[in-house]
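I opened the model today to look up a few local features and to write down what I found, entry by entry.

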Amino acid sequence: MAALRTRNGSQEKQEHMRVTHQAPLAPMTTLGIGGPAAALVELHDPADFPEFVTLAGTFPGEPVCLGAGSNVLVGDAGCDSAVLRMSTKGIRMTGSTADGRVLVEVQAGHPLADLVDTTVAEGLTGMEMLVGIPGTSGATPVQNVGAYGQETADTLVEVTAWDWTLRRRVTMDAAACGLGHRTSVFKRSRRWTVLSLVFALRRSGLSAPVTYRTVAAELDVPVGSRVPLDEVARAVLTVRRSKGMVLGCSGSDDRSVGSVFLSPEISPAQADDLRAHRAPVNRFPDGSIRVSASWLIRQAGFELRQPVVTGVRISSLHYTLVAEEGASAAGFTRAVDIVFQEVLRRTGVRLTSEVDFL
């Protein structure tokens, strides 16, 4: 690859990749916050990834991978490493497992929403509760993306990634990914760049059991019911929209990362106490007992639409943080800490941010 010399927002069209220097990153995130990237590379063809490896070696530190930017807070000073915007796309059925599940391979840059829509249309169950979640398919194992009783760990078979430590492409089975509640070996690590994934889904006209009361109420069915895939997908979308958790549906609340905080793990004694206060306490697939972070934020005295710091307030629809005019990364970080401290003081429960800080 020829040396890259231009700066100050200029672009160079390589034979296979587009490289932009001092590229603004804020417009590439749902929060709309942050400074520029020293070099931004848009990758559309998986075969061109080796060129990015070469380029990344000319910048300090491990490179950063940015998908749809829906869970990222970029620092005000930006990033001096090379940033890869993963835009590879493609879904294909590659076979089946011994127990009859259909293997689905997807490129890391493929929109998760489209992957879920495709599986529902194909009559494949296992991802229907993930409808409406923004971001790329490659982001799903990073924090074991999940919603309404389903998570990535339920269906992930393997991940193909570039290992920046070993300097080679590796294939990792699901066990090697260390998937836990909103975490994995990829979380808060730049060692790997996810390139493609394989999921195993079952053919069925009916969804997985509906385990969340809000979704069951929207469907007007008992908890535990199985319903047609397209019906449960519509119900989940309706519930998510009511909370402002679907991009483009909430107007002034759109500058968001969804849930800023994890549902925190609590002890059985805490669970009993919180249930007595009518808190939404649930047992998760990893065996942990957790309470809703948004419920805790409300109990700590925060109100919908309440300003927290300049440019950051509580959403008008859901107890999470959103950005508006005047927001900065420093301010958003300060707002996260204010909410953390007040929830701890008022409830005794420690929140953990699930935002990726770049």
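**Entry 1: the annotated positions**

I began with the UniProt record, an unreviewed entry, which lists Arg182, Ser259 and Glu354 under "active site"; UniProt positions are given in the numbering used here, feature names are shortened, and annotations may be inferred rather than shown by experiment. These residues are spread over 173 residues of sequence, yet they cluster in space, with a largest C-alpha distance of 11.4 Å.

I note for the record that this is a predicted model, in which local features need pLDDT of at least 70 and side-chain atom pairs count only at pLDDT 80 or more, while totals for chains, interfaces and linings use all residues. Residues are numbered from 1 along each chain as its sequence is written, and side-chain values use heavy atoms, with hydrogens and water left out.

I placed arginine 182 in the loop between strand E13 (168–173) and strand E14 (192–203), where helices (H or I, at least four residues) and strands (E, at least two) are DSSP runs, numbered from the N terminus. Arginine 182 has a relative accessible area of 15% and is therefore buried (buried means under 20%, exposed over 50%, partly exposed in between, with a 1.4 Å probe and protein chains only). Leaving aside neighbours within four places in sequence, its contacts (heavy atoms within 4.5 Å) include Asn144, Gly146, Glu151 and Glu354. I also found its side chain reaching the backbone oxygen of glycine 146 at 3.1 Å.

Serine 259 lies in the loop between helix H4 (229–242) and helix H5 (268–276), and at 28% relative accessibility serine 259 counts as partly exposed. With the neighbours within four places again set aside, serine 259 is in contact with Met245, His318, Thr320 and Glu354.

**Entry 2: positive phi values**

I looked up asparagine 144, a residue other than glycine whose phi is positive, near 45°; asparagine 144 is found in the loop between strand E9 (124–125) and strand E10 (146–147) and is buried at 0%. Glutamine 22 also has a positive phi, near 50°, but its place is in strand E2 (residues 18–24), and with a relative accessible area of 34% glutamine 22 is partly exposed.

**Entry 3: aromatic rings**

My search of the whole structure found seven aromatic pairs, where rings of Phe, Tyr and Trp (its six-membered ring) pair if their centres lie within 6.5 Å, and planes under 30 degrees apart count as stacked, over 60 as edge-to-face and the rest as tilted. Phenylalanine 186 and tryptophan 192 have ring centres 5.6 Å apart and planes at 85°, so this pair is edge-to-face. Phenylalanine 186 is buried at 5%, and tryptophan 192 counts as buried at 18%. Ring pairs also link Phe49, Phe52, Trp162 and Trp164 into a cluster.

Methods
A polar contact is a pair of N or O atoms within 3.5 Å; within protein, one must be able to donate a hydrogen and the other to accept it, and residues adjacent in sequence count only if both atoms are side-chain atoms.
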